[in-house]
Amino acid sequence: MLSRVRVWLNRTYAENVFFMDQLRRNPGDRAVEIHATHADPDSPVLAAADTAELEPEGLSPAAYAEYALDQCVRRGIDVFVPRLHQAAVVAHRAEFAAAGTALLAPTPQAIAVFEDKATAYEAVRSVGVPVPPWRRVRTADELISAVDELEAAGHRACFKPAAGAGGVGFRMITRSPFSLLHLTGFPGPHVQLDLVVEALRRAEEPVDWLVMPRLEQPEVSVDCLTGPDNRVRLAVGRTKNGRRRGFTLDERWLAPARLIAEGFGLHHLSNIQFRMLGDRPVLLDVNTRPAGGLHQLSLCGVNVPWAAVQLALGEDPGVIEPPFLGQDYTVVSAPRPLAPAVLPRQRVESAGVLLPAVPAPAQAVTAAEVLPL
């Protein structure tokens, strides 16, 4: 009889409650216990886990790596899926391995390349993957110059932080003067160039932004599962075009994603995003972690989180081909339970059965689920 697998997710996205669900519903019906930590006591992943703790705040990356190693030793973690301070954690991969914990994360070199978007664009362009034109800016004058250059080439300019994730800080530049029209409806991503320039001139420190063309839809996020031998086991694209979402195996998207995943050591789970510049796909971003929407591949008949855990444990699942591509769908919100305010939340043994130490909570939070279109 196979032993249980103990998996830890640290400070992860709310959508990864579905990642956890899939681990428990693995095809071999293997026992899985999930540990979760987060700084937010109202994160739904804490309620979804078998054991949970609040993370300490204010730790440096090095101190966090020590904290993580201690968690793995004390909790008997078999597979650790690090999101927060991923680079600091993987730098100690040998120490985690000595403690019996496999890291479901890429190589330190891969993380270093893709932490900075300008470095990433330079690197992937050197291996033949198309990237959008971009300028790195730190001052108001550099911003004006970059926007002028892009607009002269017929593009709409936007900017985003050189380092960051999840679309945080992304804005589209407009030269329309601020007016009451901008105060109607819901807030949008457009910002007036003159207001941004004024804010930059008043700022005490420089920014670190990439200015680039506004890329068009569809957006295609290719989820990749890559082994430590640099061989991709699975690559499936998830398409986004407004509300409508779907799946693709079109090599226009998958071929450059494989090239990046295999060429840069993006071991285990990664997510490589493309958009359109004119009539050709170009790289948008590379995430060295599982995407929040990874669970949506279950609509194609595959359980990618479990395949990734198998790979981390040395149980190679082989090349995974989706048996079918699911129909188009959309994402809607649904309630998920929250843990009580008192943490840590642990499990206790009763008559040989692991039971929650606290009753099911009445509170709920919304998490995105998928529905067919």
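**Ground rules.** I worked on a predicted model, where local features need pLDDT of at least 70, side-chain atom pairs count only at pLDDT 80 or more, and totals for chains, interfaces and linings use all residues. Residues are numbered from 1 along each chain as its sequence is written, and side-chain values use heavy atoms, with hydrogens and water left out.

**Sheet.** I looked up the strand order first. Five strands form an open sheet, ordered E3-E2-E1-E4-E5, with parallel pairing. Strands here are DSSP runs of E, at least two residues, and helices are runs of H or I, at least four, both numbered from the N terminus. Two strands pair if DSSP finds at least two bridges between them. At the edges I found E3 (51-54) and E5 (102-103), each pairing on one side only. I then checked E1 (residues 5-10) against E4 (residues 79-81): three bridges join these parallel strands. Val 7 has Val 79 of E4 as its bridge partner.

**Helices on the sheet.** I noted that H3 (residues 61-75) packs on the sheet and touches E1, E2 (32-38), E3 and E4. Contact means heavy atoms within 4.5 Å. The direction of H3 makes about 155° with that of E1. H11 (residues 304-312) lies across E1, E2, E4 and E5, at about 110° to E1. Axes are lines fitted to C-alpha atoms, for helices over the stretch in contact; angles run from 0 to 180 degrees between N-to-C directions.

**Cores.** Which residues have the most contacts inside the largest nonpolar core? I listed Val 7, Leu 23, Leu 104, Leu 225, Leu 269, Leu 297 and Val 309; this core has 38 residues. H11 supplies its largest share, seven residues. A nonpolar core is a set of buried Ala, Val, Leu, Ile, Met, Phe, Trp, Tyr and Cys residues joined through side-chain atoms within 4.5 Å. Buried means under 20% relative accessible area, exposed over 50%, partly exposed in between (1.4 Å probe, protein chains only). A second, separate core has 37 residues, including Val 113 and Phe 114.

**Helix H1.** I checked burial along H1 and found eight of its nine residues buried, so H1 is largely enclosed by the rest of the structure. Among the buried ones are Phe 18, Phe 19 and Leu 23.

**Cysteines.** I found zero disulfides, taking one as a pair of cysteine sulfur atoms within 2.5 Å. The cysteine sulfur nearest to Cys 224 is that of Cys 300, 14 Å away. Cys 224 is buried, at 1% relative accessible area. Cys 158 also counts as buried, because its relative accessibility is 3%.
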